Amino acid sequence: FRLKLMAEGELKDMEQFFDDLSDSFTGTEPEVHKTSVVGLFLRHMILAYNKLSFSQVYKLYTALQQYFQNDEKKSGIDESDMELTNTEELEGKMEKEELDGPLREEEISCSGPLSQKQAEYFLSQQASLLKNDETKALTPASLQKELNNLLKFNPDFAEAHYLSYLNSLRVQDVFSSTHSLLHYFDRLILTGAESKSNGDEGYGRSLRYAALNLAALHCRFGHYQQAELALQEAIRIAQESNDHVCLQHCLSWLYILEQKIFDSCVLLEHSVNKSLHFGLPYLASLGIQSLVQQRAFAGKAANKLMDALKDSDLLHWKHSLSELIDISIAQKTAIWRLYGRSTMALQQAQTLLSMNSLEAVNVGVQQNNTESFAVVLCHLAELHAEQGYFAAASEILKHLKERFPPNSQHAQLWMLFDQKIQFESAMNDGRYHIADSLVAGITALNGIEGVYRKAIVLKAQNQMSEAHKLLQKLLIHCQKIKNTEMVISVLLSIAELYWRSSCHTIALPVLLQALALSREYSLQYLASETVLNLAFSQLILGIPEQALNILHMAIEPVLAHGAVLDKGCAMFLVAKCQVASAASYTPQKKIEALESAILNLNEAKTYFAKVDCKEQLRDVLYFQARLFHTLGKTQERNKCAMLFRQLHQELPAHGVPLINAFK
């Protein structure tokens, strides 16, 4: 009877019903005891009703009316059929009435709203999975579907909007992520969540952090002008509220924006000092990491950078900042790679991979699925590929693909390294058409790397003028953005073009410029490679003795830290210089020099075979056959000649000059 009265009456009748329920617990002899089973149920229902917004109360009343009307219509039907039919019709009509904006029926997976506790647990679980193990979380589409369902029944659920923002970031959806972030802070202010704990200051706090998060979002998508405007707004509100913590976060983001324009080392140092002053170890450590990275690119000595990172590590372990420990080790790996110390980089990578996270995670959740681990694994794959272990590199990349699926936020890292490794393998094997097809993928992920590799392919295909134009444009661009490592690589490629065009004297100033840059910026490996190129220039110009002297200076770092291909090229160059120098020796000394050259050629041949570099193998075999012929070793000469013939028939015939290029 009471249900009929409410359904046929007005909204105030349902409100009166819940008021009467509250009265059931009052009086000396209440109708229901608060601690009884029924009492607990009624109290829970009253609390849930009181938490509803006006729109939710109206939806509840509409659903009650619909339920009662359907019950009357189906009164003659069997009870079990009636319940099933009523539930389906009720859900279908409620969905049509409550659709809001772009939501469609197929986007809603749940038949009804979750309780507050269920929704909070679901959101916290998915947020934790997105941080620690994205592969275990729902797919972006499925998660958005569930979030739409939550927001359908409770549009003011601020945390759901924030998780929707994080989910949109996974798929790089700038519109949806901005929309969700703004809704999150709108709901946070409207529900009064901030003001309840912080007083009136809570509203201002939400506004300034909303502007700060919006600036970070625009910066992430490369919208630097919009980011600067949002950051200025956050700084203004934070200054009005005297919020030093927010101002320090703003200062950190200001550095990120300013470094896109000019070196802002002063800003960063100021940020680190202020963060330490206000007791913000996380922000201070991030500042130190950025400062170390900036100074590494500026060519500071490695020992000073490692000392700075050691100081930041003390902060990490003192405050148990697990994520920053990982970032610090990944930073060390990248710095050693930049300086050409592959052995040290490998050691740091293994250190990070063998560590256990300090953060507690659920059983079955993969630990440390962070950007740091993605970076380290990518470096590890590239290091293995450089040493000729392509199967191991492939296994590491396979693991990366499983750990960071293509739709995850760090997938672009392994995609780029995968394309680069495939490119190097194709170039080593002489499959230039395959290497050329990979250039487009590399360019999509990193424009500078893509242009550089396009020039390398053109150079290998003997399209010298096109390669030179491309390299000159790339050189100007890299000098403008101060990408010193790429500038040196481009200069070495330009020098090789001059050699192939028989302009040997023009190549020397280019190489000297590359050597000066590599030494100025402490890029030891690139400096060693440049010295090898200079030695080759001296060999071409007819001074092999001088070439041998400077080779002894540069070959040790190459053999210790270099890629297998570079080791092979270096040993091949040593053999060429030894043979050229032996022309002026006495007969006995000449024989010793030639035999020493043959041993070096054997070592070079081993290196080239490891990376399946057939063109260089063919050159080595030809050179060995000539040396064996000079020494009168017919059997060894014939063996080398046979192997040379097999490779020469397999590879395109471009002629086999003894001295054509360093690589």
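Analyst: Rings of Phe, Tyr and Trp, with the six-membered ring taken for Trp, count as a pair if their centres lie within 6.5 Å. This is a predicted model, and the structure holds eight aromatic pairs.

User: Why is the pair of F18 and Y49 called stacked?

Analyst: The ring centres of F18 and Y49 are 3.9 Å apart and their planes stand at 5 degrees; since planes under 30 degrees apart count as stacked, the pair is therefore stacked. The pair links distant parts of the chain, because F18 belongs to helix α2 (residues 11-23) and Y49 to helix α3 (residues 37-51), 31 residues apart. Both F18 and Y49 are buried.

User: What makes the pair of W499 and F536 edge-to-face?

Analyst: Between the planes of W499 and F536 there are 65 degrees, with 4.8 Å from centre to centre, and an angle over 60 counts as edge-to-face. This pair, too, links distant parts of the chain, with W499 in helix α25 (residues 484-500) and F536 in helix α27 (residues 524-540), 37 residues apart.

User: Are W499 and F536 buried or exposed?

Analyst: Both W499 and F536 are buried, a label that requires under 20% relative accessible area.

User: Which residues form one aromatic cluster?

Analyst: That cluster is made up of Y162, Y165, Y184 and F185.

User: How do you know that K576 lies over the face of F572?

Analyst: K576 is 4.4 Å from the ring centre of F572, and the distance part of the rule asks for NZ of Lys within 6 Å of the ring centre. The charged end of K589 likewise sits over the ring of Y585, 4.9 Å from its centre.

Technical notes
Residues numbered from 1 in each chain as written. Predicted model: local features only at pLDDT ≥ 70, side-chain atom pairs only at ≥ 80, totals over all residues. Heavy atoms only, no water. Helix = DSSP H or I, 4+ residues; strand = E, 2+ residues; numbered from the N terminus. Buried < 20%, exposed > 50% of the residue type's maximum accessible area, 1.4 Å probe, protein only. Lys NZ or Arg CZ within 6 Å of the ring centre and 35° of its normal.
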